[in-house]
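Reader: I have a model open and would like to go through one chain of it. Can you start with whatever term I need for the strands?

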Amino acid sequence: MSLRQHIFLLIALSIITLLSMVFALSHGAITISYMDVLRSIIPAISTQTVDPLMQQIIVELRLPRIILALLAGAGLAVSGAILQLVTRNPLADPYLFGISAGASFGAVTMLTVLSHLSILLLPIGAFIGGLLAVLLVVGIAGRSAYNQIERMLLAGVASSFMFSAASSAMLYHSDPQAAASILFWTLGSFAQAQWSTLIAPAAVILFSVVVFFAFSRQVMAISTGDESATTLGVNVASVRLLMLVISSLICAVIVASAGGIAFVGLLIPHLIRLVFGQQHLNNYLLIALCGGLFMIYIDLIARTLIENQEIPLGIITSAIGSVFFLFILQQRSKRS
Amino acid sequence: MSDSILNVEDLCWSVKDKNILKSISFNVKKGQFVGVIGSNGSGKTSLLRNLYRYNKPSTGRILLSGEDIWRQSATAIAKQISVVQQAPASLPYLVRDVVNMGLTPHKALFEGSNNHDREQVHQALGQVDLEQFANNAFDTLSGGEQQRVLIARAIVQRGQLLIMDEPTNHLDIHYQIDILKRVKQLGRTVIVSLHDLNMASAFCDHLILLHRGEIYCQGTPSQVLKQEIISKIYDVDVTVITHPDHDKPHLLFRYGTSQ
């Protein structure tokens, strides 16, 4: 792909994303016309006023929700791609390193121990739990490059199981209502999105993408092997740890605001490999746009598939993910 | 000393109390073509890894232009030493992307590729006669072509010292000669590990013969490739003659198949 084609692709994807946002804004429990959607967001374009209730649905409910979906999809996809590159493991994604289990543990603790404060403190508890898991993995993985990938993966699996065990134990002893709300939360939903809760994920994800761009060459070099990257002047162990910490931050902030949305960090990078080739795995804007676009439609399905009821996101992404991986498997066996 | 680009002083390297390299000392002069030879497991790759700052010596030091390589950053060393490792099994990138990676140590964070960089990549590929493959996937190339791509990456990296670990491995005789000829034409200081002793004799100015982690002997090909030394180290029956073209030693091995 030449530079010009590349820029054209990014612009085209951005336009599709904007159109998809308008489409998603218009559909839901009630359908609102595209014109009313545009008028509600940009009042200046028309003198006609929109029904205040409609406007409130668009601006206060659907728009922050769709932006959160866009951010979550973009963040999970990019951090998945980064982790797959620096661990040279196509199955790596942020959840593999125990972050989701740690976040669930934090949320469960908040719900069972401080049940009356839960709505406010649940995201904070989830975030702290996620960070705890990351610190554990980073502490075990250590600062030397020797066997670092294996240590990272095994530490991730170990902390995952440890936090899951602790959460299960607490859930088992809590009341059924708390258990049900935890289950809903671990499967992921954007229903809690508000303008005020968007700031943290937006700031973290923007900051992370900037850092990823800064280290793009180093990450690419690491993806060709530790020794090769060292001879290209890359400090492999520290760059890999930094990438793990930042990916985990993204994941923790998303889990805190939307729960555990499985499979996206794994699925989007594989989709990019399939469609554009592995060399585009460090094309973070492309990956972010694809991830965001994907998530907008997943959320739309979650809101509209069953009337007057929301389906948890994790159910949809896992279902699509499993079918997608079976498809990849079939493609591969056809080729060979 | 003054014209030495690399000084290795009493280098030892051990892993878990096992001494892999024992008190190795040698100097490399600017422009020299140095061959590292020795049987399997003699420590050739370990020595090169110490030289290009991947493994840290247990004792002793390595001076590059008079400065200890471990007192400099990995980036600073990567600007001075280019490395061609044994070809990797798979690199899922385009040929031009692989060559472009040679620029990594020269680029600041956030710094993208400009037209000058693209021109450098193009020229380097031209030097190894692979311009037409710039947009091909690295994995689709033959072993010899992949080695040439990695040499182009080293050209772009602009190190004054080029270290190569068995670049002729798995190549047919045409490519073995082709690769070493191209490297010789670059006119850089080269340290290369080789299995083929006749190839080492033909191309190298200086040979270092490793045996069980120690330097058994070093010197010009005529000083090192002697019948008594080679037959002892490699446990083979060998006759040394003079090659008619370059007047350096040429080894004839006895295979014991006929009397």
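Author: Two strands count as paired if DSSP finds at least two bridges between them. Bear in mind that this is a predicted model.

Reader: Fine. Which residue is the bridge partner of B:S4 in β2(B)?

Author: B:K29 is the bridge partner of B:S4. The strands β1 (residues 4-15) and β2 of chain B pair in the antiparallel sense, over 8 bridges.

Reader: What is the strand order in that open sheet of chain B?

Author: The order is β2-β1-β4-β5, 4 strands with antiparallel pairing. β2 and β5 (67-68) of chain B each have a single partner strand, so one side of each has no neighbour in the sheet.

Reader: Which strands does helix α1 of chain B lie across?

Author: Helix α1 (residues 44-51) lies across β1, β2 and β4 (59-64) of chain B, and runs at about 60° to β2(B).

Reader: Back to B:K29. What lies 2.9 Å from its backbone nitrogen?

Author: A polar atom of the B:Q32 side chain. B:Q32 sits in the loop between β2 (18-29) and β3 (33-38) of chain B.

Reader: Is B:Q32 buried or exposed?

Author: Buried: the cut-off is under 20% relative accessible area, and B:Q32 has 13%. Leaving aside neighbours within four places in sequence, B:Q32 is in contact with residues including B:N27, B:R188, B:D205 and B:H206.

Reader: New topic. How many residues are in helix α6 of chain B, and how far does the helix reach?

Author: Helix α6 (residues 173-185) has 13 residues and reaches 18 Å from its first C-alpha to its last, close to the 18 Å expected.

Reader: What happens at the start of α6(B), and just after the helix?

Author: At the start, a side-chain oxygen of B:D172 comes within 3.1 Å of the backbone nitrogen of B:H174. Just after α6(B), B:G187 takes a positive phi of about 70°.

Reader: Which residues of α6(B) are buried?

Author: Among them are B:Y175, B:I179, B:L180 and B:V183. The elements covering the buried residues of α6(B) include β3, α4 (115-127), α5 (143-157) and α7 (197-203) of chain B.

Reader: And chain B overall: how many helices and strands?

Author: Chain B has 9 helices and 12 strands. Its radius of gyration is 19 Å, close to the 18 Å that the globule rule gives for 259 residues, so chain B is as compact as a globular protein of that length.

Reader: What share of the residues in chain B is buried?

Author: 50% of the 259 residues.

Conventions:
Residues are numbered from 1 along each chain as its sequence is written. Chains are lettered from A and ligands numbered from 1 in the order in which they are written. This is a predicted model: local features need pLDDT of at least 70, side-chain atom pairs count only at pLDDT 80 or more; totals for chains, interfaces and linings use all residues. Side-chain values use heavy atoms; hydrogens and water are left out. Helices (H or I, at least four residues) and strands (E, at least two) are DSSP runs, numbered from the N terminus. Buried means under 20% relative accessible area, exposed over 50%, partly exposed in between (1.4 Å probe, protein chains only). A polar contact is a pair of N or O atoms within 3.5 Å; within protein, one must be able to donate a hydrogen and the other to accept it, and residues adjacent in sequence count only if both atoms are side-chain atoms. Contact means heavy atoms within 4.5 Å. The expected span of a helix is 1.5 Å times one less than its number of residues. Axes are lines fitted to C-alpha atoms, for helices over the stretch in contact, and angles run from 0 to 180 degrees between N-to-C directions. The radius of gyration is taken over C-alpha atoms; the globule rule is 2.2 Å times the number of residues to the power 0.38.
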